[in-house]
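Here is a brief report on two regions of a protein chain. Look over the sequence and structure before reading on.

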Amino acid sequence: MPNAHVIGLGRSGIAASRLLKQEGWTVTVSDSKTSESLQQQQQVLNVEGITVKLGYSLTLGDADLPELIVVSPGVPWDIPVLIEARNRGIDTIGEMELAWRYLKSSPWVGITGTNGKTTTTALIAAIFQAAGFHAPACGNIGYAACELALAQPDKTRHGASLHEKLPQSKIDWVIAEISSYQIESSRELAPTIGVWTTFTPDHLNRHKTLENYYTIKADLLSRSHDQIFNGDDPYLRRLGTTHWSKAYWTSVKGRDATPRPWVYIENGWVMVESEPIVPVDSLRMVGNHNQQNLLMAVAAARLAGIEKQAIVEAITNFPGVPHRLEHIITWKGIDFINDSKATNYDAAQVGLAAVDSPVILIAGGEAKAGDDTQWLNIIQAKAAAVLLIGEAASAFAQRLQEVGYYRYEIVETLARAVPRAAELAQQDNARVVLLSPACASFDQYQSFEHRGDDFRQQCLQVLA
């Protein structure tokens, strides 16, 4: 049997290893970390005939070389062993590309961008499902892409960690949220519809330059049959029809925006060309950015031939996205809102702009490179106080001082932040307590979801 090596024992790595095992490969999974949860996964996979090596990093000796290496999204694409593997002609791909190889008979909608991906993906999936399609969301939302491949009728499913509610039927559309990490390890992935939501500096510690980050994103769109772009994004709008002459553009600014949009807002309605589709206020999510997400979702639906009725039904009933401006509780007239998915300055700026002021802001975590100027400006305009958590707390405190903002406290953890935020909100007549970290979560949590779940739990315990 051919040899495959999967790097990373996260959700995508587990799904990839099971898919390869099902397809007749001899599979080894490695992870450089060792933890109790990883050891539990090791035991489960060993029973399934998959070898798991913990505390191990792949090296390419001359004996027993893998014929295929599959990389989980969190593994940098330019580490020496992967460069060496590609130079030696070893088939080296990401988990998303592996899923594509088994699911490319179905059309894909691929959604990428710096911010807005998750909400747009969830909206598109909701519309396609309302139209009667079996169209699960995957990638950075919903299922790992290889889980969808495993659930196809000609595959035997393994293990309790796969979602038992995933129907084992032919997929009509794959709705995939695809990060830059997943694009750079997917050389053939070619969606039927590609969506680019926004573009601002992010992940530069991995991609090094803005130009390289753009090129990675653009690769996915250039391979897409149809392309949808946010015409209100300054960077994408500047490139406009020069780079993307056949693309479909959207704008919340009306039909006369530049480049001229195909889907736009006019008199409170989402319009496709001159046809009214759905009232904008049918979407129960705050912020202009969510109106733009709505436009891109409607554009994808119309390109797929979905009728107005299904779009209206899906948008009217759409509940929102966990961890993105998610309302947790109203306590003494104060709304506590979870925006844990705001893992960079631009996303946090958008979140803060979307809520009513004055705000008690909770921010911090594992800091990322980026321009914090606009974020700091909106803090000065809207925040009654800022509570700082995580590794970035001291650095954020210094930046706040530099712009003349002194109403901050370093509280270190969410367990301390939530009750203190409740006190300050009462004192300052703040209408909102907002967790919008502007940081990654890995200093204190496994993921932004884990951080958001902790915020929810703290709110419900302290304030209920």
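Where is Arg-451 placed? In this predicted model, Arg-451 lies in helix α17, which covers residues 448-463.

## Burial of Arg-451

Is Arg-451 buried or exposed? Its relative accessible area is 1%. The cut-off for buried is under 20%, so Arg-451 counts as buried.

## Surroundings of Arg-451

Which residues does Arg-451 touch, leaving aside its neighbours within four places in sequence? Contacts include Ser-340, Thr-343 and Gly-364. Leu-414, Leu-435 and Pro-437 are also in contact with Arg-451.

The side chain of Arg-451 reaches the backbone oxygen of Ala-440 at 3.1 Å. Asp-339 is 112 residues from Arg-451 in sequence. In space, the C-alpha atoms of Asp-339 and Arg-451 are 9.9 Å apart.

Now to the strands. Strand β11 spans residues 248-251, and strand β12 spans residues 263-266. The two run parallel and are joined by two bridges. Thr-250 has Val-263 of β12 as its bridge partner.

Strand β12 also pairs with strand β13, residues 269-272. How do β12 and β13 run, parallel or antiparallel? They run antiparallel, with four bridges between them. Glu-266 is bridged to Trp-269 of β13.

## The hairpin turn

β12 and β13 form a hairpin with two residues between the strands. Which residue takes a positive phi in this hairpin? Asn-267 does, with a phi near 55°.

Definitions and conventions:
Residues numbered from 1 in each chain as written. Predicted model: local features only at pLDDT ≥ 70, side-chain atom pairs only at ≥ 80, totals over all residues. Heavy atoms only, no water. Buried < 20%, exposed > 50% of the residue type's maximum accessible area, 1.4 Å probe, protein only. Contact = heavy atoms within 4.5 Å. Polar contact = N/O pair within 3.5 Å; in protein donor to acceptor, adjacent residues only side chain to side chain. Pairing = 2+ DSSP bridges.
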